[in-house]
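Subject: Structure for your review

Dear colleague,

Please find the structure below, together with its sequence. My notes on it follow, and I would be grateful if you would read them alongside the coordinates.

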Amino acid sequence: MESPDSKTTRSPPPPPPPQQEPETKKPKMSTTTTSDDEDTNTTTSPKKQRYKRRKIAIFFAYCGVGYQGMQKNPGAKTIESDLEEALFLSGAVPEQDRNNPKRYDWARSARTDKGVSAVGQVVSGRFYIDPPGLVERLNSNLSPQIRIFGFKRVTASFNAKKFCDRRRYVYLIPVFALDSSSHPDRESVLASVGSGNELVKCLECSERGRKVVGIMGKRSFEFKPVSPESGISSNSEDAIVGSNINNENRGSVENGDADKSNSESVEEPKVVDHKEVSEIVVETVSSDQNERTDEKANGEEKGAKGSGFCYGEKERERFSGILKHYVGTHNFHNFTTRTKAEDPAAKRFIISFEANTVVTVEGIEFVKCEVVGQSFMLHQIRKMIGLAVAIMRNCAPESLIEKAFQKDVNINVPTAPEVGLFLEECLFSSYNQKWKDTHEELSMKAYEEEAEEFKMKQIYSHIALTEHKEGAVALWLHSLNHRNYPDLRIDNNEDTSNGKSTEVVNMAE
C-alpha cells in the first residue's frame, strides 16, 4: 500500500546526455604498420574505397635524351609530366587530383636540366599503393627510358626536396678532352687539312653538325685482355673486342642530306654493332698502377691512333687538384645564369669533387667525375666541368677558379655538354638517423643491381653512342678557345668587374 507522501513525490528528471568532445587530430607521424593519412578517396568505385593513401618516397631512374628536363613545364616533354600521368593510370592518383600535384603533396629531390639523366632520383607524395603491384603498373605505363625501382613508406611530413641532405652527380668526360693537343679550335683543324699535320685524333669534326671535309673521323681502339687481378669486369670473356667507328653518313647537312666523308683509315676497320655489343670496363687509377700507366705512356694502350696521351697518375693528380678548388662554400654566381653575386642563393657548399675512375664504353675512355654537394644551381656542374677542362687543356690558368668566386668579378665560363651529366644518388642522412627505429632507410642499397643495369644499358651507352654519332664533346672543344671565351686569358691583375678583360696575357698553348 502506497503512502500518501509517495503520491506527491516526483522523481528527479534524468541528467542531460554528456556532450561529445571533438576528436583530436592524429599526430603528423607515420609508422611502418599503420597510416596517419586520411582516406581522401571520394570516387564511386567500391574497390578504391577500401584503400587509404600512404606517404611514400619513389626511387627511379631515367635517360634524359628527348626530354626537356625533370621539372614539369607546360608544353614541354618532361620526366615529371610522364611520371604524373603514369601515377594516374596506375591508380595511385584519383581522378579529381589528376594534373594537380599539390593535392597529393608532390615533391622532387632534384631538378635535372634538358638532356640530363638520373640513376637515383626520388619523389614523394601521398598515393594509393594498394593493391600490390604498383611498381609493375607504373613501369607498364612508362617509356623504357624511365624505370621505377620501388618505393618506401615515409613520415607524413616527409618532403623529398627539403629532407634531401646531399646530391651526388657524375659527369663522364672523354679522356681525349683533357689532352691539350686534341681538338683545338676549328680554324686550326681547317688549316691542317691537306698538310702533313692532319689531326688524326679529331673525332667527328664539323661545323653545324657537318664533318669538316678531309679530316680523319675514324678512331681505332686497341685493348689488352682484362686480367682477373685488375678487378675489372665487363663480361665472362677474357678479352674485349676492339671497336671502330663507322663514319658513313654520320653528319647531317643543313639541307637534310647526308654528308659523306672521303677520309679513310690506314687499316680496314672492323665495325661493331653497338646494339648487340656494349662493352664497359671500369678502372680505378691509383698510385699502385705505375706499371699499367707506363705501358699506356709507351703507346701499348692508347685512346686513339697517334696519341700518347692517357689518364695516368700524373694526369689524375693534376685534374683532381683542379677540381678540389670547388670544394667548400663559395659564391658560384659565375657558374650559373640569372643569379647575381649578391643573391644568397649563389653560395653553395660542395662536399667533394673527385675524378679517380676511368670507364671505357663503346671504345671510348671516359673519366668519371663525381661531385657531392648540398644543392646545385642551373648549369653549375656543367660550368665547373667546363672551366676545369679548359684549365687542363692549358686554355686558362688554374687561379681563374678562385678569381671566379669573387663577387666583383664577372667571367664568361664555358658550359660542358649536357649529355655526360647524370644524377647518381640523393642522400637522406639526417632523416635516416632520426627515424631509423620506425622507418626503412631511404637509400639506393635495395636497388643497386637494377640501377647498375639501367645505368649501363641506358645512360652509359647513350653517352658513348652520342659521342660516336654526334661528337658532342669533340664539337664543344672546337669552341673552347680564347676567341669565344676571352675571359679565360685573364690573370689576377686584370679588372673583370664589368665582365671584360682589360689586358691580354699570353698563355702556353
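In these notes, a residue is called buried when its relative accessible area is under 20%, exposed when it is over 50%, and partly exposed in between, using a 1.4 Å probe and protein chains only. This is a predicted model, in which local features need pLDDT of at least 70 and side-chain atom pairs count only at pLDDT 80 or more, while totals for chains, interfaces and linings use all residues. Residues are numbered from 1 along each chain as its sequence is written, and side-chain values use heavy atoms, with hydrogens and water left out.

A buried histidine

With a relative accessibility of 6%, H333 counts as buried. H333 sits in the loop between β11 (328–331) and β12 (347–361); helices (H or I, at least four residues) and strands (E, at least two) are DSSP runs, numbered from the N terminus. Leaving aside residues up to four places away in sequence, H333 touches T339, K340, A341, A346, A404, Q406, K407, V409 and N410, where contact means heavy atoms within 4.5 Å.

Helices α10 and α11

Helix α10 (residues 448–470) packs against helix α11 (residues 472–479) at an angle of about 60 degrees, and their axes are 6 Å apart. The axes are lines fitted to C-alpha atoms, for helices over the stretch in contact, and angles run from 0 to 180 degrees between N-to-C directions. The two helices, α10 and α11, are therefore oblique to each other: angles under 35 degrees count as roughly parallel, over 145 as roughly antiparallel, 65 to 115 as roughly perpendicular and the rest as oblique. On the α10 side, T466, E467 and E470 meet A472, V473, A474 and L475 of α11. By class, this contact has 4 nonpolar, 1 polar and 2 charged residues; Ala, Val, Leu, Ile, Met, Phe, Trp, Tyr, Cys and Pro count as nonpolar, Asp, Glu, Lys and Arg as charged, and the others, Gly among them, as polar.

Helix α10 also holds H462. H462 is buried, at 18% relative accessibility, and touches C63, V65 and V419, not counting residues up to four places away in sequence.

Cysteines

The count of disulfides, taken as pairs of cysteine sulfur atoms within 2.5 Å, comes to 0. C310 is buried at 6% relative accessibility, and C395 is buried with a relative accessible area of 9%.

Backbone geometry

A cis peptide bond, with omega of about -5 degrees, joins D130 and P131. P131 is placed in the loop between β3 (117–128) and α3 (134–140).

Although not a glycine, N99 has a positive phi of about 60 degrees. N99 lies in the loop between α2 (79–89) and β2 (107–108) and is exposed, with a relative accessible area of 55%. H379, likewise not a glycine, has a positive phi of about 65 degrees. H379 is found in the loop between β13 (364–373) and α7 (380–392) and is partly exposed, at 24% relative accessible area.

Yours sincerely
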